[in-house]
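Thanks for coming, everyone. I have one model to show today, and I'll keep it brisk. Please have a look at it first.

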Amino acid sequence: GTGLPTADNTHEVAQHTAPDARVVYVDNDPIVLEHARSLLTSAPEGATEYVEADARDPELILRTAGRTLDLRRPVAVMMLGILNFVLDTDEARGIVTKLMEALPSGSHLVLTHPTTELGGEGNEAAMRFWNENATPPITARSRTEFASFLDGLDVLEPGIVSCSRWRAGSHGPAPEVAQFGAVGRKP
Ligand SMILES: C[S@@+](CC[C@H](N)C(=O)[O-])C[C@H]1O[C@@H](n2cnc3c(N)ncnc32)[C@H](O)[C@@H]1O
């Protein structure tokens, strides 16, 4: 769920710390594809690749990503604002399970997901507005449903929190946003 390229794209942040970082973006929106070349500005020591694929096809994603990433070594899977487009929770859990099962110990799963358990009625109204006026439709999930995506993983501190409060560091204390965020490590 790449989203439109912006400042500090994932590969830029990663390669700022580790110039040899290798990053594969995945999205199914043709508009994002149009902008993909802005994502392919890797540091020479590393690599970035863009895959046009649906999150519902984890086998294709793994097969294609495996051309750029060494999937025998730990991988960080970032699913930020994407599982909310997979409306069936069992299907969403199945996608996460397939991706994480294919990756070795030490791999990480980074998740953010909208919820109506934070942000109250304002967030419910915002999500309703989206579903009445935009596509694809979106769903919120409870803390219990969100936690189920992390089953079998060791959830890093500070656990499941409003994503603006996940290690806010010198930026904290951050206002709460209506999205859960968490990072899990495969044991
Ligand atoms: C809300 S944006 C999130 C962007 C970015 N990850 C972030 O957190 O800022 C969701 C992205 O997921 C993509 N997306 C939605 N449904 C998808 C699907 N079924 N498969 C792949 N990408 C999808 C959209 O095209 C969009 O670029």
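Some ground rules. This is a predicted model, so local features need pLDDT of at least 70 and side-chain atom pairs count only at pLDDT 80 or more, while totals for chains, interfaces and linings use all residues. Residues are numbered from 1 along each chain as its sequence is written, and side-chain values use heavy atoms, with hydrogens and water left out.

Salt bridges, then. The criterion is a side-chain nitrogen of Lys or Arg within 4 Å of a carboxyl oxygen of Asp or Glu. How many salt bridges does the structure hold? Six.

Take Arg56 and Glu91. Their closest N and O atoms are 3.7 Å apart. Arg56 sits in the loop between strand 2 (47-52) and helix 3 (58-65), and Glu91 sits in helix 4 (residues 89-101), so this pair ties together parts that are 35 residues apart in sequence. Helices and strands here are DSSP runs, numbered from the N terminus: H or I with at least four residues for helices, E with at least two for strands.

Now exposure. Buried is under 20% relative accessible area, exposed is over 50%, and partly exposed is in between, with a 1.4 Å probe and protein chains only. Arg56 comes out partly exposed at 43%. Glu91 is also partly exposed, at 36%.

Next bridge: Glu59 with Lys98. The closest N and O atoms are again 3.7 Å apart. Glu59 is in helix 3 and Lys98 in helix 4, so the pair ties together parts that are 39 residues apart in sequence. Both ends are partly exposed: Glu59 at 38%, Lys98 at 42%.

Then a local one. Arg93 bridges to Asp90, with closest N and O atoms 2.9 Å apart. Why about one helical turn between them? Because Arg93 and Asp90 are three residues apart in helix 4. Arg93 is partly exposed at 26%. Asp90 is exposed at 56%. Elsewhere, salt bridges with shared partners join Asp54, Arg56 and Glu91 into one network.

On to aromatics. Two numbers describe a pair of aromatic rings: the distance of the centres and the angle of the planes. Rings of Phe, Tyr and Trp (its six-membered ring) pair if their centres lie within 6.5 Å; planes under 30 degrees apart are stacked, over 60 edge-to-face, and the rest tilted. Searching the whole structure gives one aromatic pair. That pair is Phe146 and Phe180, tilted, at 5.6 Å centre to centre and 45° between the planes. Phe146 lies in helix 6 (residues 143-148) and Phe180 in strand 7 (residues 179-185), so parts 34 residues apart in sequence are tied together. Both Phe146 and Phe180 are buried.

Finally, the threonines. Contact here means heavy atoms within 4.5 Å. Thr89 is in helix 4 and is buried at 16%. Leaving out residues up to four places away in sequence, Thr89 touches Arg141, Glu145 and Phe149.

Thr48 is in strand 2. Buried or exposed? Thr48 is buried, at 11%. Beyond four places in sequence, Thr48 touches several residues, among them His11, Gln15 and Val23. Leu39 is another contact of Thr48. The backbone oxygen of Leu39 is 3.0 Å from a polar side-chain atom of Thr48.

Questions, please.

Methods: A polar contact is a pair of N or O atoms within 3.5 Å; within protein, one must be able to donate a hydrogen and the other to accept it, and residues adjacent in sequence count only if both atoms are side-chain atoms.
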